[in-house]
Amino acid sequence: MSVSSRPKALKELLVFALPIILGQIGMMLIGTGDMIIAGRYSREALAAIGLAISICNPIMIPLLGMQFAISPVLAQKRGQGEDIRPYFWTVIFYSLLVSVLSSVLTYFSIYLLPYFGYAENTTRLIREYILITSVSTFGMYLYQGIKEFYQSEEKTIAANAIALTAVGVNLFFNYAFVFGRFGVPQLFEAGLAWASLGCRCFMGLGLLFTAHKLWKTQKTFHLSFVKEVAKLGVPLTFSVFFEVMAFCSVTLFVGKFDEVQVAANNLALNIGSLAFMIPMSIASAVAVKVGHAYGERNFDRIRIFGQVSLFASVCFTAIMGLSFYLFPHAVMSLYTDDPLVIGWGKTLLFWVACFQLFDGAQVTMGGILRGLSITRAPSIAIFIGYWVIGIPLGYYLGFHAGLEAQGFWIGLAISLAVVSVMLGIIMKKKLKALN
């Protein structure tokens, strides 16, 4: 189908992206539910789970990059007129292989804990959380793999409906396990990890069930397809690792300050991540749209979808940035009634507001480039932005300039500005080369 105008392309993109947006919000709300239950249980639990997630995420989230390449690669094959159903079981096998790697690496991360120098009880809580969470990777990657397969066909309802349902499932599990309700024995802080395990199994197995019509397809392992996905996915994994590790390292550094700053940092990170889900979803949608157009060699569609996706992301992030700037107290009060945590949270939320436009632009341009099978150059740009410029600057401002947690968030804001400019240059050169 041809796209004759930008308004028509924008409508087509948003119709495709809307279920993805709802699903991504659902995924973030699962984490938000964890934070809310932890915060209601104790300040120590809130701090500990934030630190534990900051150790697990640099392993588990970047390895999702190995799967983010599935949908654009399959979309390109669709654009070339190929039937992609025979790749279903290869996607399943590939996803399970990635989950095994993630599980093993997550488990062995407990041996890093003595080097962080956290309090004895905090270390115990973190270790307990990681050990249980390491088993949950199988459900997590199974869900993501099938979701990517569906997205390549521009089918988004099932995966994202399950993600939204999982919000309630996770809250139920959290409340039951942490506080010992509904006949379940009280597991205290460990209940947060058991809830994540149950929720991820529900999502992975639930989505596998919805794909039952594909179970009868030939169970063949297409090695050439795996190589194609891995070639695109490995740089994506490094890109996600550099970015996630930057935010997680900030949490780990802030852990050296008092418990109030740790809790406020965790909430600011959760709020910023929740806002990030919309442009991230738009990026996932445009990666498929651009990938399909690239397979068709329809360069006009590529340019139009690139333009309207950036327009949508910038409009949304501008609204979120203004909201965080104008109503910081109201936003923080949704999470906690601790006045000290709210005070620090408002300070950090200012910097979250400052980088909204840059964050939305860089992730959307990353999606466009992913659809064009370009992932290596963006990974280099992300490394430079965060690890050459932003994190060193944040470390100086936080520990040597006396700004503490705020210093690290200033560094993050500058990182995102640098990355967005660099990706803009890369994208402009690639689109010009398509002439």
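Visitor: OK, threonine 364: buried or exposed?

Guide: Buried, because its relative accessible area is 0%. Bear in mind that this is a predicted model. Threonine 364 sits in helix α15.

Visitor: And what does threonine 364 touch?

Guide: Leaving out residues up to four places away in sequence, threonine 364 touches Pro279, Ala283, Val286, Ser309, Leu310 and Ser313.

Visitor: Let's switch to the core. Which residues touch the most other members of the largest nonpolar core?

Guide: Phe324, Leu372 and Trp409, out of 141 residues in that core. Helix α11, residues 259-296, gives the core its largest share, 17 residues.

Visitor: What are the contacts of phenylalanine 324?

Guide: Not counting residues up to four places away in sequence, phenylalanine 324 touches Ile271, Ala275, Val331, Leu349, Val352, Ala353 and Gln356. There's also a second, separate core of 5 residues, with Met28, Phe276, Ala283 and Val363 among them. Ala283 turns up here and also in the contacts of threonine 364.

Visitor: Now helix pairs. How do α1 and α8 pack?

Guide: Helix α1 (residues 6-41) and helix α8 (residues 157-179) have axes 7 Å apart, at an angle of about 5°. Angles under 35 degrees count as roughly parallel, so α1 and α8 are roughly parallel to each other. The residues of their contact divide into 16 nonpolar, 7 polar and 2 charged.

Visitor: Can you zoom in on isoleucine 37? Where is it found?

Guide: Isoleucine 37 is in helix α1. Isoleucine 37 counts as buried because its relative accessibility is 9%, and the cut-off for buried is under 20%. Beyond residues up to four places away in sequence, isoleucine 37 touches Leu171, Asn174, Val178, Phe179 and Leu192.

Visitor: How far apart are isoleucine 37 and valine 178?

Guide: In sequence, 141 residues; in space, 8.1 Å from C-alpha to C-alpha.

Visitor: What about α6 and α9, at what angle do they cross?

Guide: Roughly 15°, with the axes of α6 (residues 120-133) and α9 (residues 190-210) coming within 8 Å. That makes α6 and α9 roughly parallel to each other too, and the crossing is right-handed.

Visitor: Which residues meet there?

Guide: From α6, Glu128, Tyr129, Ile132 and Thr133; from α9, Ala190, Leu192, Ala193, Trp194, Ser196, Leu197 and Arg200.

Visitor: Last one. Where is cysteine 354, and how accessible?

Guide: Cysteine 354 belongs to helix α14, residues 339-354. At 35% relative accessibility, cysteine 354 counts as partly exposed. The C-alpha atoms of cysteine 354 and glycine 321 are separated by 6.5 Å, while the two residues are 33 apart along the chain.

Methods
Residues are numbered from 1 along each chain as its sequence is written. This is a predicted model: local features need pLDDT of at least 70, side-chain atom pairs count only at pLDDT 80 or more; totals for chains, interfaces and linings use all residues. Side-chain values use heavy atoms; hydrogens and water are left out. Axes are lines fitted to C-alpha atoms, for helices over the stretch in contact, and angles run from 0 to 180 degrees between N-to-C directions. Helices (H or I, at least four residues) and strands (E, at least two) are DSSP runs, numbered from the N terminus. Angles under 35 degrees count as roughly parallel, over 145 as roughly antiparallel, 65 to 115 as roughly perpendicular and the rest as oblique. A crossing is left-handed if the near helix is turned anticlockwise from the far one by less than a right angle, and right-handed if clockwise. Contact means heavy atoms within 4.5 Å. A nonpolar core is a set of buried Ala, Val, Leu, Ile, Met, Phe, Trp, Tyr and Cys residues joined through side-chain atoms within 4.5 Å. Buried means under 20% relative accessible area, exposed over 50%, partly exposed in between (1.4 Å probe, protein chains only). Ala, Val, Leu, Ile, Met, Phe, Trp, Tyr, Cys and Pro count as nonpolar, Asp, Glu, Lys and Arg as charged, and the others, Gly among them, as polar.
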